Amino acid sequence: MLTHWNKLINTDCKVYELGNHFVYPIMRNGSTSLRAVVGKKYENQQISQCTDMLIFIRDPAERFVSGLKEYCKQNDKDVIETLALVRQGKVIDRHFSPQWMWLLHLSKFYTGKVKLLHVDELHKYCDKHLHKSKHTPEDIMPLDEFVRADMELIKHIGQTIELETLVRKCKNVLS
């Protein structure tokens, strides 16, 4: 699965100042709202200066469906046809990539601790709610390979944990 995500892992990594914290935004987890209110931006090697890192995590199945629909909306694609292409490994995108892949990307530049918060807590840090999903409901079963490892992240919501440990736990779920 890792080879499919080179597109994500090889992009610039960005962390933003948010009050006394730093936040690593993940697409479909309030990232647009966060970017609207944050201060200074840190990229790639600059990220090693950051501490007190917050990461907002969303229910993996909900995020996969929302991300797939957003990808289809932005690219004028049919959701069911695109889901079939995703299942075949022919379509990948940051909107529905597993959240742990985002953490793997961050781990290239940051080795400290992160605090995982549920995306429902975003309002405590951000008074904006931009780009709220307005998709029509459809029966889509999230693909297991996109949500299974992220279930490990859910277990750590509210905790502060070494990023490396968290990424390793997620990788182990896939082994």
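## Helix α8

Let's start with helix α8: its twelve residues, 163-174, reach 17 Å from the first C-alpha to the last, close to the 16 Å expected at 1.5 Å a residue. That expected span is 1.5 Å times one less than the number of residues. Helices here are DSSP runs of H or I with at least four residues, strands are runs of E with at least two, and both are numbered from the N terminus. The model is predicted: local features need pLDDT of at least 70 and side-chain atom pairs count only at pLDDT 80 or more, while totals for chains, interfaces and linings use all residues. Residues are numbered from 1 along each chain as its sequence is written, and side-chain values use heavy atoms, with hydrogens and water left out.

Which residues of α8 are buried? They are Leu163, Leu166, Val167 and Cys170. They cover an arc of only 95 degrees around the axis, so they sit on the same side of α8; the arc is taken from the directions from the helix axis to the C-beta atoms. Buried means under 20% relative accessible area, exposed over 50%, and partly exposed in between (1.4 Å probe, protein chains only). These buried residues of α8 pack against α5 (99-107), β5 (113-118), α7 (150-154) and β6 (160-162), where a contact means heavy atoms within 4.5 Å.

## The chain as a whole

The protein chain has eight helices and six strands, and along the sequence they follow the pattern α-β-β-α-β-β-α-α-α-β-α-α-β-α. Of its 175 residues, 45% are buried. Among contacts between residues at least 6 apart in sequence, 82% join residues at least 24 apart.

Most residues other than glycine have a negative phi. Asn44, however, has a positive phi near 45 degrees, and Asp52 has a positive phi near 50 degrees. Asn44 lies in the loop between β3 (41-43) and β4 (53-57), and Asp52 is also placed in the loop between β3 and β4. Asn44 counts as buried because its relative accessibility is 14%.

## The second largest pocket

The second largest pocket has a volume of about 200 Å³. Its lining holds 13 residues, of which Asp12, Lys14, Arg35, Arg94 and Trp102 lie nearest the centre. The elements giving two or more residues to this lining are β1 (14-18), α2 (31-37) and α5.

On a 1 Å grid over the protein atoms alone, a pocket is an open set of points where a 1.4 Å probe fits, with protein on both sides within 12 Å along at least five of seven lines; lining residues have an atom within 4 Å of a point. The volume is the space filled by probe spheres set on the points.
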